[in-house]
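Colleague: I'm new to this one. Could you walk me through it, a question at a time?

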Amino acid sequence: MNKTIVIALLKALVKICIAGVFIGYLHANDKIVAVILFLKVIHSLYSLGFSKDNKYWIVPIGMFATGILGILAEYWGTFNGYWAYHDVSTHLPLWLPFAWMLAFSYIYKLEKELFTALKTPSLKQKFWITFVLALIFPAFGEIITINLGVWTYYWPFQFLGVPLYALLCLLLLHLCINIGIYAIAKRYQILDPVFFPKKNNTYN
């Protein structure tokens with residue numbers, strides 16, 4: 001396997017472990033976690049979207065779309081008793097919208113590194129890479145936080161606290177957002193290194 005790909009995957013694994021442990025141990029300090037994740041959101045928006053001459057508008061679009069849809073899914077799940085958060089004074093943790101937004105930037109950055117390492121991956125290859133990333137990495141982060149007492153799922157068919165239904169919902173949400181953003185980028189020709197890269201002065 002390409003060395004660059006292996007390094008990118010290992011770095012992503014370390015990052016998700018650090019994030020999971022951070023939220024797991026500090027989740028009772030809701031406001032502190034919210035402030036820190038908010039600052040990380042600002043950093044991600046700048047570093048992935050606006051730090052260079054080309055402004056990649058897909059990054060904020062994707063982050064805000066993921067944040068909004070993620071919170072809607074959280075309300076749906078918690079009101080129906082499918083899962084519940086612990087040690088919070090509000091219905092949902094204050095840091096949750098920022099965590100959802102960062103989920104998009106996390107996968108986006110990893111996709112960018114993998115697509116670059118693969119030179120010119122086909123649309124089919126991109127889809128399956130996104131499929132695997134959306135299936136494995138968010139679930140791995142959930143395993144850490146769940147087992148550190150952040151929340152509990154009440155759905156059946158669980159593995160280390162994460163039910164099959166949750167895996168499917170996470171996968172569907174991330175794939176739908178990516179497909180929607182790809183369609184937007186292609187329709188309006190919004191230059192982006194992941195969804196609509198420019199090569200040899202032509203859009204592909």
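Modeller: Happy to. Keep in mind that this is a predicted model. Let's start with a threonine in a helix.

Colleague: Okay, where is threonine 78, and is threonine 78 buried or exposed?

Modeller: Threonine 78 sits in helix α3, which covers residues 58-79. The relative accessible area of threonine 78 is 12%. Buried means under 20%, so threonine 78 counts as buried.

Colleague: Which backbone oxygen does the side chain of threonine 78 reach at 2.7 Å?

Modeller: There are two backbone oxygens to look at here. The side chain of threonine 78 reaches the backbone oxygen of tyrosine 75 at 3.4 Å. At 2.7 Å, that side chain reaches the backbone oxygen of glutamate 74.

Colleague: Staying in α3, what is the relative accessible area of glycine 70?

Modeller: Glycine 70 is another residue placed in helix α3. Glycine 70 is buried, and its relative accessible area is 0%.

Colleague: What about leucine 92: how far is leucine 92 from proline 121 in space?

Modeller: Leucine 92 is in the loop between β1 (83-85) and α4 (96-117). Its relative accessible area is 8%, so leucine 92 is buried. In sequence, leucine 92 and proline 121 are 29 residues apart, while C-alpha to C-alpha the distance is 39 Å.

Colleague: Let's move to the surface. Which helix gives the most to the nonpolar patch?

Modeller: The nonpolar patch is formed by Val6, Leu10, Leu13 and Phe140, which together have about 300 Å² of accessible area. Valine 6 is in helix α1, and patch residues need over 30% relative accessible area. Valine 6 has 32% and is partly exposed. With 3 residues, the helix that gives the most is α1.

Colleague: Now the loops. What is phi of phenylalanine 157?

Modeller: Phenylalanine 157 lies in the loop between β2 (151-153) and β3 (158-159). Its relative accessible area is 59%, and exposed means over 50%, so phenylalanine 157 is exposed. Most residues other than glycine have a negative phi. Phenylalanine 157, however, has a positive phi, near 55 degrees.

Colleague: And leucine 160: is leucine 160 buried or partly exposed?

Modeller: Leucine 160 is in the loop between β3 and β4 (162-163). Although leucine 160 is not a glycine, its phi is positive, at about 55 degrees. At 47% relative accessibility, leucine 160 is partly exposed.

Notes
Residues are numbered from 1 along each chain as its sequence is written. This is a predicted model: local features need pLDDT of at least 70, side-chain atom pairs count only at pLDDT 80 or more; totals for chains, interfaces and linings use all residues. Side-chain values use heavy atoms; hydrogens and water are left out. Helices (H or I, at least four residues) and strands (E, at least two) are DSSP runs, numbered from the N terminus. Buried means under 20% relative accessible area, exposed over 50%, partly exposed in between (1.4 Å probe, protein chains only). A polar contact is a pair of N or O atoms within 3.5 Å; within protein, one must be able to donate a hydrogen and the other to accept it, and residues adjacent in sequence count only if both atoms are side-chain atoms. Patches are made of residues with over 30% relative accessible area and no salt bridge: like charges are joined within 9 Å, nonpolar side chains (Val, Leu, Ile, Met, Phe, Trp, Tyr) within 5 Å. Accessible areas come from the Shrake-Rupley method with a 1.4 Å probe; for residues, only the protein chains shown count as cover. A salt bridge is a side-chain nitrogen of Lys or Arg within 4 Å of a carboxyl oxygen of Asp or Glu.
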